[in-house]
Every structure is written in C-alpha cells, then in structure tokens.
Amino acid sequence: MAARQPRFNQAVLIDTTPLPESIPKVEEVGASSAPLMSASYFIGARCKAYNDDYMMCKTEAHGRGEFECMKEGRKVTRCAASVIDDITKNCLQEFRNHWECLEDNNQQLWHCRKWEWRLNGCVFQKLGLEKKIPGAPEHETPVHLRKRQIYSQNGGSLT
C-alpha cells in the first residue's frame, strides 16, 4: 500500500503568455481525426514545401526549436486549413461520406475505399490534387487503386 494518497488535478491549464509579435497569428484547423485523415494525402500534396521547411527547421534545431520553428509550423497549419476549406467547398458530400465511414470503421482506410475513390475523383477533378502514397513501389498498383480489396467488409469488390 502506498503511504501517499493520490491527487488528481482536473483543472485545465492554459498559458496566457502571448506569443512574440514575430510569430504570425493563425487559426487552428478545427477538424477531428477522421476529416484530417480523409484529407491527409491532399494536405501532403499541396503543403509538401511547407512541411519540408518545418521538418528541416526541427532537424536543424536538434529536436528542440519550439519557438524557433513556430513560424514554419504556422505556415503548415494555414496550408492544411486551406486544403480542408477547399475540399469542403468543392467536394463536401464525398468528403463527408469518406470521413464518416472512417469514423464508423475505426479509421481503417480499407473499409472505406468506395467513398475514397469518389472523394479522390472529385478532388482531382476540381482541385487538381492527386493521392499518392509516399514510398509505394513504382511497379505495383497502389493499394487504394486496386479493384479488389482483399480485407474489405463488402466482399472485396468496389464496383
């Protein structure tokens, strides 16, 4: 038995110290994990340069750089928010169907390929963004483009 009684702090801690003026202000993306996952490849496609700048800053700061890299991080957030905004303006129904499917299926992409195909088509047609999986073998059909999904709950066929 422990001699010390446990103490639980239920208060929310908020740091009210303002950021320096050199760090640009930015609104949060305002999306939960399912919409972010649904749009993640499109965010990666459009925001690659900003992501690379941020990661380079963090690498050069040797894992630190919370304030030093805040400006680059804000650019990434702004870019991601613009992608989410563009998708909701142009492909709202397809986007909603896909992220709701992800939410209902424990964020497992292979359960939602039918909705993913529709979203990918709409985003490519209206925004010119294409889903590409980094590091996927060049000579194989990417998993999200295969006609038959082996582990799918809908019998494997996506037609």
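1. Helices are DSSP runs of H or I with at least four residues, numbered from the N terminus, and the expected span of a helix is 1.5 Å times one less than its number of residues. G128 follows α5 and has a positive phi, near 75 degrees.

2. On the source: this is a predicted model, in which local features need pLDDT of at least 70 and side-chain atom pairs count only at pLDDT 80 or more, while totals for chains, interfaces and linings use all residues. Residues are numbered from 1 along each chain as its sequence is written, and side-chain values use heavy atoms, with hydrogens and water left out.

3. The buried residues of α5 are R113, E116, L119, N120, C122 and V123; buried means under 20% relative accessible area, exposed over 50%, and partly exposed in between (1.4 Å probe, protein chains only). Their cover includes α1, α3 and α4 (92-104).

4. The largest nonpolar core has 15 residues, of which F42, I43, I87, L119 and V123 touch the most other members. A nonpolar core here is a set of buried Ala, Val, Leu, Ile, Met, Phe, Trp, Tyr and Cys residues joined through side-chain atoms within 4.5 Å. Two or more residues of this core come from each of α1 (33-46), α3 (70-90) and α5 (113-127). The top contributor is α3, with five residues.

5. A separate second core has five residues, among them A34, L102, L109 and C112.

6. Four salt bridges are found in the whole structure, each requiring a side-chain nitrogen of Lys or Arg within 4 Å of a carboxyl oxygen of Asp or Glu. R46 and D86 form one of them, at 2.8 Å from N to O. This pair links distant parts of the chain, with R46 in α1 and D86 in α3, 40 residues apart. R46 is partly exposed at 30% relative accessible area, as is D86 at 22%.

7. Within α3, D85 and K89 lie four residues apart, about one turn of the helix, and their closest N and O atoms are 3.1 Å apart in a salt bridge. D85 is partly exposed at 34%, whereas K89 is exposed at 61%.

8. In α5, E116 and R113 are three residues apart, about one helical turn, and their side chains form a salt bridge at 2.7 Å, N to O. E116 is buried at 1% relative accessibility, and R113 is buried at 6%.

Conventions. Contact = heavy atoms within 4.5 Å.
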